[in-house]
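Me: Hi! I have a chain open on my screen and would like to talk it through. Could you help me find my way around?

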Amino acid sequence: MFKQFIEDAKSIAERDPAATSVLEVIFLYSGFHAVCLHRIAHWFYKKNMRFIARFISQLNRFLTGVEIHPGAKIGKGLFIDHGMGVVIGETAEVGDNCTIYHNVTLGGTGKDKGKRHPTIGNNVLISTGAKVLGPFKVGDNSRIGANAVVLNEVEPNTTVVGVPGRAVKRGNQKIVPSIELDQIHIPDPVAQELCRIKQRLESLEKELMEMRRASQGSNVQEPVPQEKSCEEECKLEMGKEIADNETL
């Protein structure tokens, strides 16, 4: 177990640009402390010493602000950045070399027995405030955007954004496993959907105007044109998604 602690610390030091040394990670990183205490609690949990395991997990929560149920399975190299507010449920599983930011929840959707929390693949990044809820798989090399609410399975090499989470496909192009996520230049599914609605409304308005002209003659006034047409705005918004897909 001690060897695993050292490997975890080295992994964090390599991936965090703010870390100046492995010793700094070992002594000063609450996310590293949370993972170490969880590994101890999980050992007692597997030995069916549930009270001690639970006590350590609650101590972990008090000291670090990270709540990991002792039954959760954590792979090697987990980096919990900042840590505060992270919650990982009992039947959750986290793969190798994953990155989790603060206020992330890996939770369930009810009081069902058995598997009720998500399984996170390898090299997955889950951004600030994201909620992954339910007993499904998040595929390898996937990335969850900030404040996304993921309720369904995520395929490998996929970025998910929005509420509820919407997958932004990358086609057949594989995403390189990443520990970074550009949380600004990503498609906004809500804005794109609003653009589609606005386009549909403009189309219906034009059809209605033509019908009025046909029935009333040429007395129907033209609507006041907007400074920038909806079609132009939507082309810009949709263009962001195309550009992002090509870049990423």
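This is a predicted model: local features need pLDDT of at least 70, side-chain atom pairs count only at pLDDT 80 or more; totals for chains, interfaces and linings use all residues.

Me: In what order do the strands of the open sheet come?

Reply: The open sheet is built from 6 strands, in the order 3-6-9-12-14-15, with mixed pairing.

Me: Which way do strand 6 and strand 9 run relative to each other, parallel or antiparallel?

Reply: Parallel. Strand 6 (residues 99–100) is joined to strand 9 (residues 125–126) by 2 bridges.

Me: Nice. Switching to the inside: which residues have the most contacts within the largest nonpolar core?

Reply: Those are Ile88, Leu106, Ile120 and Ile126, in a core of 28 residues. Another core, of 9 residues, lies apart from that one, and Phe5, Ile12, Tyr29 and Phe32 are among its members.

Me: What does Ile120 touch, leaving out residues up to four places away in sequence?

Reply: With those left out, Ile120 touches Glu93, Val94, Gly95, Cys98, Leu106, Ile126, Val132 and Val138.

Me: I was also looking at Thr105. Is Thr105 buried or exposed?

Reply: Thr105 counts as buried because its relative accessibility is 19%, and the cut-off for buried is under 20%. Thr105 is part of strand 7 (residues 105–107). Not counting residues up to four places away in sequence, Thr105 touches Val87, Ala130, Lys131, Val132 and Leu133.

Me: On to the aromatics. How many aromatic pairs does the structure hold?

Reply: There is 1 aromatic pair. The ring centres of Trp43 and Phe44 are 5.1 Å apart and the planes stand at 85°, so this pair is edge-to-face. Trp43 is partly exposed, at a relative accessible area of 41%.

Me: And which residue lies over the face of Tyr45?

Reply: That would be Arg50, at 3.9 Å from the ring centre of Tyr45.

Me: Last one: what is the accessible surface of the chain?

Reply: About 14400 Å², and carbon and sulfur atoms account for 56% of that surface.

Note on methods
Residues are numbered from 1 along each chain as its sequence is written. Side-chain values use heavy atoms; hydrogens and water are left out. Two strands pair if DSSP finds at least two bridges between them. Helices (H or I, at least four residues) and strands (E, at least two) are DSSP runs, numbered from the N terminus. A nonpolar core is a set of buried Ala, Val, Leu, Ile, Met, Phe, Trp, Tyr and Cys residues joined through side-chain atoms within 4.5 Å. Buried means under 20% relative accessible area, exposed over 50%, partly exposed in between (1.4 Å probe, protein chains only). Contact means heavy atoms within 4.5 Å. Accessible areas come from the Shrake-Rupley method with a 1.4 Å probe; for residues, only the protein chains shown count as cover. Rings of Phe, Tyr and Trp (its six-membered ring) pair if their centres lie within 6.5 Å; planes under 30 degrees apart count as stacked, over 60 as edge-to-face and the rest as tilted. A charge sits over a ring if NZ of Lys or CZ of Arg is within 6 Å of the ring centre and within 35 degrees of the ring normal.
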